[in-house]
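Hello,

Here is the structure I promised to pass on to you. Please have a look at it first, and then read on for what turned up.

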Amino acid sequence: LERFGVRAEAVAGHSYGELAALRAAGRIDDATLRHLSAARGRLMIGDGGDRGTMAAVQASPDDVEQMLKKEKLDVVLAHRNGPAQGVLSGSREGIGRAIAACDSCGWRTTRLDVSGAFHSKLMSDACEEFATILAGATMSKGSTTVYANCTSTPYPDDLDEARKLLGRQLVSPVDFAKQI
C-alpha cells in the first residue's frame, strides 16, 4: 500500500497480532519478530501440563463480567472483542462452570481448541520468561503509532516501558473493542 501512497497513521493487533503491528510500525525488525514469535509460541504452549483453556461467548462483555462476579467463577474475560462477543479464559473446570452459567443465561458459547488460558494469570510463568527475553530484544520508537491490547493506548516511546507493556500482554485481558 505504501507504494501507492497509502500510509497508516496507527496500527493495532489482537493478541499475537500485536507483534505484527509492532513490526508494521517499525518498532521491531523482521528478525526480532521471528525471535519473539517463536519464543511467545513456545512459552504459551508451556511444558505440556494443564494450562487451562478458553471459550468464546456471544453476549455483552459487561453482562458476562457481571455474571462471572455473581457466580464467583475463577475465570476472566480475556477478550472484549466487540459489543456482543468475548472470550473467557481459565482452568478447564472453571471454563466448564462458566459455560454452564452462560447456557443458563441463554448465551451461546464455543470451546476453543487452545493450548492454554491465554491472557490470564495461568500464563504468569510464560509472562516472566517472555519479559526476560524482551529485555534483550531490539526495539525502536518506530514510525507509526501502535495501540496496545491491554491499555488501548499508544505504546510508550520509552523502549524499556514498551518492553514491559508487551511483556504484560500475555497475562492481561485484550480489550480489542476499546482499542479499535
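**What turned up**

Apart from its neighbours within four places in sequence, Ser-60 is in contact with Pro-83 and Ala-84 (contact means heavy atoms within 4.5 Å). This is a predicted model, in which local features need pLDDT of at least 70, side-chain atom pairs count only at pLDDT 80 or more, and totals for chains, interfaces and linings use all residues. Residues are numbered from 1 along each chain as its sequence is written, and side-chain values use heavy atoms, with hydrogens and water left out.

**The whole protein**

The protein has 7 helices and 6 strands (DSSP runs numbered from the N terminus, with helices being H or I of at least four residues and strands E of at least two). Starting at the N terminus, the order is β-α-α-β-α-β-β-α-β-α-β-α-α. The C-alpha trace spans about 50 × 35 × 25 Å along its principal axes. Of the 180 residues, 44% are buried (buried is under 20% relative accessible area, exposed over 50%, partly exposed in between, with a 1.4 Å probe and protein chains only). Among contacts with a separation of 6 or more, 71% are between residues 24 or more positions apart.

**Ser-60 and helix α3**

Back to Ser-60: this residue sits in the loop between β2 (53–58) and α3 (61–71), and with 24% relative accessibility it counts as partly exposed. Its C-alpha atom is 24 Å from that of Leu-122, 62 residues away along the chain.

Which residues of α3 are buried? They are Pro-61, Val-64, Met-67 and Leu-68. They cover an arc of only 120° around the axis, so they are on the same side of α3 (the arc is that of the directions from the helix axis to the C-beta atoms). Here is the helix rule behind such patterns: an α-helix has 3.6 residues a turn, so residues three or four places apart point the same way. The buried residues of α3 pack against β2, β3 (75–82), β4 (85–90) and α4 (92–105). On the face turned away from the buried side, α3 carries the exposed residues Gln-66, Lys-69 and Lys-70. Lys-72 follows α3 and has a positive phi, near 55°.

**Salt bridges**

How many salt bridges does the structure hold? There are 10 (a side-chain nitrogen of Lys or Arg within 4 Å of a carboxyl oxygen of Asp or Glu). One of them pairs Arg-51 with Asp-125, with the closest N and O atoms 3.2 Å apart. Arg-51 is in the loop between α2 (30–45) and β2 and Asp-125 in helix α5, so this pair ties together parts 74 residues apart in sequence. Arg-51 counts as buried, at 7% relative accessibility, whereas Asp-125 is partly exposed at 46%.

Arg-80 belongs to strand β3 and Asp-62 to helix α3, so the pair ties together parts 18 residues apart in sequence. Asp-62, Glu-65 and Arg-80 are linked in a network of salt bridges.

**Another serine**

Is Ser-120 buried or exposed? Ser-120 is buried, with a relative accessible area of 4%. This residue lies in the loop between β5 (108–112) and α5 (124–135). Beyond its neighbours within four places in sequence, Ser-120 is in contact with Val-76, Ser-89, Leu-170 and Val-171.

Best wishes
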